[in-house]
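This report describes aromatic contacts and nonpolar cores. Please consult the sequence and the structure while reading.

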Amino acid sequence: MALYQQLPFFNPPQYAPTPGSFKVPYKSIFHGGLEPGKVIIIQGLISPEAKRIEINLRHKIGIALHYNPRFDENMVIRNSYEDGKWGEEDRSGPFPFNRGKPLQVAIICGHQAYEVFVNGERTHTYKHRYTKLEDIDVLDIDGDLQLTFVQP
């Protein structure tokens, strides 16, 4: 069975989040960094007037994955920020987000790339540009959404 088929896409958590623990902007530090097989799950409700959402996987000196749905452009931007500058934007693929609707984003760290699933469907792949996965230990979420669950 493929890893993505084992994810709890259709089983939201059965417990209430700690009040105030999912305020936006949201920041979480996870110890030990990333490794192949690590899954990050984000659930929430997109604002009816949403313009942008930002999900960043960071390390001490940059951003390994910048995942940026832009409702004003109807596009999802993927990029990395290294050595004080942004890399080339990846703008390919679908735009699976809808204003005013729930969302679930699952980011699976693979050996060569991140696989991103939105509402249970694989939507984007982003090849690792920063390869020291163990150094990537911060999850930042910002933008026009209300978070209901985060599993860093």
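This is a predicted model: local features need pLDDT of at least 70, side-chain atom pairs count only at pLDDT 80 or more; totals for chains, interfaces and linings use all residues.

The whole structure contains six aromatic pairs. Phe71 and Phe97 make up one of them, with an edge-to-face arrangement: the centres are 6.5 Å apart and the planes stand at 70 degrees. Phe71 belongs to the loop between strand S4 (62-70) and strand S5 (75-82), while Phe97 belongs to the loop between strand S6 (85-86) and strand S7 (102-109), so the pair ties together parts that are 26 residues apart in sequence. Both residues are members of one aromatic cluster that also includes Tyr67 and Phe95.

In soluble globular proteins, nonpolar side chains tend to be buried together. Here the largest nonpolar core has 34 residues, and Phe97 is listed with Leu57, Tyr114 and Leu139 as having the most contacts inside it. Among the elements that give two or more residues to this core are strand S2 (39-46), strand S3 (53-59) and strand S8 (113-118). S7 gives the most, with four residues.

Leaving aside residues up to four places away in sequence, Phe97 touches Ile46, Tyr67, Pro69, Phe71, Val76, Leu103, Val105 and Val118. Another core, of six residues, lies apart from the largest one; Ile41, Ala106, Phe117 and Phe149 are among its members.

## A charge over a ring

Lys38 places its charged end over the ring of Phe30, at 5.2 Å from the ring centre.

Methods
Residues are numbered from 1 along each chain as its sequence is written. Side-chain values use heavy atoms; hydrogens and water are left out. Rings of Phe, Tyr and Trp (its six-membered ring) pair if their centres lie within 6.5 Å; planes under 30 degrees apart count as stacked, over 60 as edge-to-face and the rest as tilted. A charge sits over a ring if NZ of Lys or CZ of Arg is within 6 Å of the ring centre and within 35 degrees of the ring normal. A nonpolar core is a set of buried Ala, Val, Leu, Ile, Met, Phe, Trp, Tyr and Cys residues joined through side-chain atoms within 4.5 Å. Buried means under 20% relative accessible area, exposed over 50%, partly exposed in between (1.4 Å probe, protein chains only). Contact means heavy atoms within 4.5 Å.
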